[in-house]
Amino acid sequence: MLVNSIEKGIVIDHITAGLGAKILEYLDIDLANNTVAFIMNASSKKHGKKDIVKIQNVIDVNLDVLGLIEPNATVNIIENGQIIKKIELQVPERVTNVIKCKNPRCVTSVEINAPHIFHLIDAENREYRCEYCDEIVCMKGDY
Amino acid sequence: MLKGRDLLEPMDFSIKELEDMFDLADRIIEDPAKYVHACDGKLLATLFYEPSTRTRFSFEAAMLRLGGQVIGFSEPNSSSVAKGESIADTIKTVACYADLAVMRHPKEGAPKVAAHSTEMPVINAGDGGHQHPTQTLTDLLTIRRTLNGFDNITVGCCGDLKFGRTVHSLIKALSRYKNVKFVLISPEELRIPDYVRKEILMKNGIEFEEVRSFQEALPKLDVLYMTRVQKERFFNEEDYIRLKDTYILDKSKMKLAKEKMIVLHPLPRVNEIAVEVDEDPRAMYFVQAKNGMFVRMALIMSLLGIEG
Ligand SMILES: [Zn+2]
């Protein structure tokens with residue numbers, strides 16, 4: 001089955017069950033023109049259940065997005081059917097235009113061209129502060 | 001050196017930079033005549049997206065007293081903003097004419113968007129409920145001039161501590177000095193928000209207490225910072241009626257205070273300080289308003305890199 005092996009591309013494994021859809025949404029992959037396999041609730045030795053995302057022929061994805069949403073996932077780069085590289089994810093210090101500020105009083109709600117910038121203030125809880133209004137969002141929660 | 005910098009929040013400047021600016025403000029207060037041509041040929045733009053006559057007058061008076069000129073708008077309806085121009089485009093255009101800009105905006109972070117879009121110095125004159133750094137400079141200068149500094153003082157903040165941005169900024173700014181203690185006086189419903197308690201006070205190991213009784217707190221204080229308690233902040237009429245007189249500073253309560261304590265208020269007041277207190281030499285709120293203009297003069301000179 002295609003989902004089991006890809007010749008070339010990226011496999012994002014060990015995603016906490018339920019977060020796969022969110023990752024796909026934030027990664028902004030063109031679903032119409034890429035072959036993407038999305039496995040929900042696969043069995044996992046470590047966590048019981050996990051999600052897996054495989055994207056064919058795409059090697060560079062936004063690692064900041066992955067680190068932001070699911071830093072515990074593993075990222076494997078596949079070439080010729082082999083894992084050629086494993087990437088360690090990191091909780092990013094600063095993210096631009098990935099999350100949007102939800103504070104209705106924030107200037108980003110009216111200034112459409114202002115980049116949405118967030119700064120990490122607490123890595124353990126994945127808390128971020130809006131560059132403009134200082135609103136704090138927790139990416140560990142249901143953002 | 002503050003030349004070319006922005007002032008978006010009180011912590012943008014180091015203690016040393018603030019001290020230099022307050023020294024300049026002191027020199028201006030001593031001899032204002034010496035500075036009447038300090039900003040000759042310079043132009044300040046006041047971009048007020050919401051009205052605030054008091055703050056705008058303070059900035060305009062500051063620039064005019066330095067010999068500079070002022071352009072600007074005081075309500076967005078009469079400007080290109082009404083046509084939907086972005087903040088970034090407005091500030092870039094203004095930068096073609098002016099040497100520095102002051103911005104008041106209802107949205108939080110708006111002056112930062114402006115500052116990111118231009119090399120010209122931008123001063124935040126209030127962005128929603130977020131920051132009002134020149135009010136904090138005013139408060140700090142007044143404390144420094146009357147108490148000769150900030151170390152070892154006990155500051156009481158009274159009133160609406162939940163929504164009072166001036167109190168949050170002042171606590172943040174004073175938390176950098178040695179042995180500053182706080183007594184936070186408010187009704188239960190209007191206590192200081194968690195982020196101030198945890199991120200500023202507890203994180204920096206600052207001694208503070210939260211009390212309900214105004215009378216009990218008064219004798220300990222070197223500074224009493226009063227703010228408005230608005231009726232609409234209360235959950236019910238009963239609580240309002242029960243509490244409304246508790247936090248009104250009057251002559252009899254002033255008897256409980258230290259002889260050298262100073263009373264500050266960002267103004268305008270409603271009824272939280274009885275008019276009879278005005279004649280008490282410890283009432284500093286109108287002096288504070290005047291200091292606001294002088295500290296803005298020092299700020300304008302500093303950001304323009306004009307030696308004083
Ligand atoms: Zn924001």
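Buried area is the accessible area, found with a 1.4 Å probe, that two parts lose on being put together, summed over both. In this predicted model, the area buried between chain A and chain B is about 1,100 Å², and carbon and sulfur atoms give 50% of that area.

**Where the chains meet**

The contact between the two chains involves 13 residues of chain A and 13 residues of chain B. Between chain A and chain B there are eleven residue pairs in polar contact, counting pairs in which both residues have pLDDT 80 or more. The side of chain A that touches chain B is made up, by class, of seven nonpolar, two polar and four charged residues. Two salt bridges are found across the interface of chain A and chain B. In a salt bridge between the chains, the side chain of A:Arg105 meets that of B:Glu108, with 2.9 Å from N to O.

**Salt bridges over the whole model**

Over all chains, the count of salt bridges comes to 25. Another of these joins the side chains of B:Asp26 and B:Arg144, with 2.7 Å from N to O. Because B:Asp26 lies in helix H1 (residues 15–30) of chain B and B:Arg144 in helix H5 (residues 133–147) of chain B, this pair ties together parts that are 118 residues apart in sequence.

**Chain A in outline**

Chain A contains two helices and nine strands, and along the sequence these follow the pattern β-α-β-β-α-β-β-β-β-β-β. The C-alpha trace of chain A spans about 50 × 35 × 25 Å along its principal axes.

| Strands of chain B | Sense and bridges | A residue pair |
|---|---|---|
| S6 (residues 181–185) and S7 (residues 208–211) | parallel, four bridges | B:Val183 with bridge partner B:Glu209 |

How does the chain cross from S6(B) to S7(B)? The path leads through helix H7 (residues 194–202) of chain B, and this β-α-β crossover is right-handed. A right-handed β-α-β unit is also made by S1(B), helix H2 (residues 53–65) of chain B and S2(B).

**Two points in the backbone**

Most residues other than glycine have a negative phi, and most peptide bonds are trans. A:Asn80 is not a glycine, yet has a positive phi of about 50°, and A:Asn80 lies in the loop between strand S4 (74–79) and strand S5 (82–87) of chain A. In chain B, the peptide bond from B:Leu267 to B:Pro268 is cis, with omega near 0°, and B:Pro268 is found in the loop between strand S9 (262–264) and helix H11 (285–304) of chain B.

Technical notes
Residues are numbered from 1 along each chain as its sequence is written. Chains are lettered from A and ligands numbered from 1 in the order in which they are written. This is a predicted model: local features need pLDDT of at least 70, side-chain atom pairs count only at pLDDT 80 or more; totals for chains, interfaces and linings use all residues. Side-chain values use heavy atoms; hydrogens and water are left out. Two strands pair if DSSP finds at least two bridges between them. A crossover is right-handed if, with the strands pointing away from the viewer, the path from the first strand over the helix to the second runs clockwise. Contact means heavy atoms within 4.5 Å. A salt bridge is a side-chain nitrogen of Lys or Arg within 4 Å of a carboxyl oxygen of Asp or Glu. A polar contact is a pair of N or O atoms within 3.5 Å; within protein, one must be able to donate a hydrogen and the other to accept it, and residues adjacent in sequence count only if both atoms are side-chain atoms. Ala, Val, Leu, Ile, Met, Phe, Trp, Tyr, Cys and Pro count as nonpolar, Asp, Glu, Lys and Arg as charged, and the others, Gly among them, as polar.
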